[in-house]
Amino acid sequence: MSSEAAHTFPKKERLCGRMRISQLLKKGRYGNASCLRYCYLQGSETSRIVVSVPKKIFRRAVRRNLLKRRIRESYRLQKELLPAGTDVIFMYVSREILPFSTIYADMRAALMQISEGANE
(Lines give C-alpha, C1' and ligand atoms only; values in the text may rest on other atoms or scores of the structure.)
Protein backbone atom coordinates (compact mmCIF):
# COMPACT_ATOMS: atom_id res chain seq x y z
CA MET A 1 0.00 0.00 0.00
CA SER A 2 1.43 3.38 -0.94
CA SER A 3 1.77 6.09 1.67
CA GLU A 4 -0.85 8.24 -0.10
CA ALA A 5 -3.41 5.45 0.00
CA ALA A 6 -2.67 4.73 3.65
CA HIS A 7 -3.55 8.28 4.75
CA THR A 8 -7.15 8.37 3.54
CA PHE A 9 -10.43 8.15 5.42
CA PRO A 10 -13.03 6.61 3.08
CA LYS A 11 -16.70 6.04 3.84
CA LYS A 12 -16.19 2.32 4.56
CA GLU A 13 -14.04 3.26 7.59
CA ARG A 14 -16.87 5.24 9.20
CA LEU A 15 -19.07 3.36 11.66
CA CYS A 16 -22.74 4.05 10.94
CA GLY A 17 -26.02 2.76 12.27
CA ARG A 18 -27.66 3.06 15.65
CA MET A 19 -27.66 -0.70 16.30
CA ARG A 20 -23.95 -1.14 15.55
CA ILE A 21 -22.99 1.81 17.73
CA SER A 22 -25.19 0.68 20.65
CA GLN A 23 -23.74 -2.85 20.37
CA LEU A 24 -20.24 -1.37 20.49
CA LEU A 25 -21.08 0.72 23.56
CA LYS A 26 -22.67 -2.28 25.28
CA LYS A 27 -20.02 -4.94 24.57
CA GLY A 28 -16.89 -2.85 24.04
CA ARG A 29 -13.92 -2.13 26.28
CA TYR A 30 -13.37 1.44 27.50
CA GLY A 31 -10.26 3.49 28.07
CA ASN A 32 -8.95 7.04 28.45
CA ALA A 33 -6.13 8.99 26.86
CA SER A 34 -6.11 12.47 28.41
CA CYS A 35 -8.64 14.45 26.32
CA LEU A 36 -10.10 11.36 24.59
CA ARG A 37 -12.27 8.58 25.95
CA TYR A 38 -12.70 5.59 23.69
CA CYS A 39 -14.62 2.35 23.42
CA TYR A 40 -13.44 -0.43 21.13
CA LEU A 41 -14.55 -3.86 20.03
CA GLN A 42 -12.76 -6.39 17.83
CA GLY A 43 -14.45 -8.63 15.32
CA SER A 44 -15.50 -6.65 12.25
CA GLU A 45 -14.08 -7.04 8.75
CA THR A 46 -12.53 -3.57 8.59
CA SER A 47 -11.56 -0.97 11.18
CA ARG A 48 -14.25 1.70 11.56
CA ILE A 49 -14.54 4.73 13.85
CA VAL A 50 -17.05 7.25 15.16
CA VAL A 51 -16.11 10.65 16.60
CA SER A 52 -18.28 12.33 19.22
CA VAL A 53 -18.01 15.78 20.80
CA PRO A 54 -20.70 16.54 23.41
CA LYS A 55 -23.17 19.31 22.72
CA LYS A 56 -23.56 19.83 26.47
CA ILE A 57 -19.96 21.09 26.73
CA PHE A 58 -19.59 22.81 23.33
CA ARG A 59 -22.88 24.46 22.50
CA ARG A 60 -21.74 25.98 19.20
CA ALA A 61 -21.60 23.62 16.24
CA VAL A 62 -18.57 25.44 14.83
CA ARG A 63 -16.48 24.41 17.84
CA ARG A 64 -17.79 20.83 17.83
CA ASN A 65 -17.01 20.48 14.13
CA LEU A 66 -13.52 21.91 14.62
CA LEU A 67 -12.75 19.34 17.30
CA LYS A 68 -14.24 16.49 15.23
CA ARG A 69 -12.08 17.51 12.25
CA ARG A 70 -8.97 17.55 14.44
CA ILE A 71 -9.74 14.11 15.88
CA ARG A 72 -10.48 12.59 12.45
CA GLU A 73 -7.32 14.09 10.98
CA SER A 74 -5.14 12.80 13.81
CA TYR A 75 -6.70 9.34 13.35
CA ARG A 76 -6.20 9.46 9.58
CA LEU A 77 -2.49 10.18 9.96
CA GLN A 78 -1.95 7.35 12.48
CA LYS A 79 -4.53 4.71 11.58
CA GLU A 80 -1.90 2.07 10.83
CA LEU A 81 -1.47 1.73 14.63
CA LEU A 82 -5.04 0.42 14.98
CA PRO A 83 -5.37 -3.39 14.70
CA ALA A 84 -7.38 -4.60 11.69
CA GLY A 85 -11.04 -5.30 12.33
CA THR A 86 -11.53 -2.95 15.29
CA ASP A 87 -14.53 -0.66 15.73
CA VAL A 88 -13.84 2.41 17.89
CA ILE A 89 -15.80 5.36 19.27
CA PHE A 90 -13.69 8.38 20.21
CA MET A 91 -15.35 10.83 22.62
CA TYR A 92 -13.80 14.21 23.37
CA VAL A 93 -13.93 14.80 27.14
CA SER A 94 -11.90 17.96 27.76
CA ARG A 95 -13.78 21.16 28.54
CA GLU A 96 -11.46 23.35 26.46
CA ILE A 97 -10.48 23.39 22.80
CA LEU A 98 -7.03 21.86 22.64
CA PRO A 99 -4.53 22.41 19.80
CA PHE A 100 -4.06 19.79 17.10
CA SER A 101 -0.66 18.72 18.45
CA THR A 102 -2.18 17.73 21.80
CA ILE A 103 -5.06 15.85 20.20
CA TYR A 104 -2.56 14.11 17.88
CA ALA A 105 -0.47 12.93 20.84
CA ASP A 106 -3.56 11.75 22.75
CA MET A 107 -4.80 9.89 19.66
CA ARG A 108 -1.44 8.14 19.40
CA ALA A 109 -1.65 7.11 23.05
CA ALA A 110 -5.22 5.84 22.59
CA LEU A 111 -4.32 3.81 19.49
CA MET A 112 -1.33 2.29 21.28
CA GLN A 113 -3.52 1.33 24.25
CA ILE A 114 -6.10 -0.23 21.92
CA SER A 115 -3.45 -2.24 20.10
CA GLU A 116 -2.04 -3.49 23.43
CA GLY A 117 -5.53 -4.40 24.64
CA ALA A 118 -6.35 -6.21 21.40
CA ASN A 119 -3.24 -8.39 21.73
CA GLU A 120 -4.28 -9.69 25.17
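Which residues of the largest nonpolar core touch the most other members? In this predicted model, local features need pLDDT of at least 70 and side-chain atom pairs pLDDT 80 or more, while totals for chains, interfaces and linings take in all residues. Numbering runs from 1 along each chain as its sequence is written, and side-chain values rest on heavy atoms, with hydrogens and water left out.

The core in question has 23 residues, and Ile-71, Tyr-75, Val-88, Phe-90 and Tyr-92 are the ones that touch the most other members. A nonpolar core here is a set of buried Ala, Val, Leu, Ile, Met, Phe, Trp, Tyr and Cys residues joined through side-chain atoms within 4.5 Å; buried means under 20% relative accessible area, exposed over 50%, and partly exposed in between (1.4 Å probe, protein chains only). Two or more residues come from each of β2 (36-42), β3 (48-52), α3 (61-78), β4 (86-92) and α4 (100-119), with helices (H or I, at least four residues) and strands (E, at least two) taken as DSSP runs numbered from the N terminus.

Glu-13 is buried, at 14% relative accessible area. Leaving aside residues up to four places away in sequence, Glu-13 touches Thr-8, Ser-47, Arg-48, Ile-49, Tyr-75 and Lys-79, a contact being heavy atoms within 4.5 Å.
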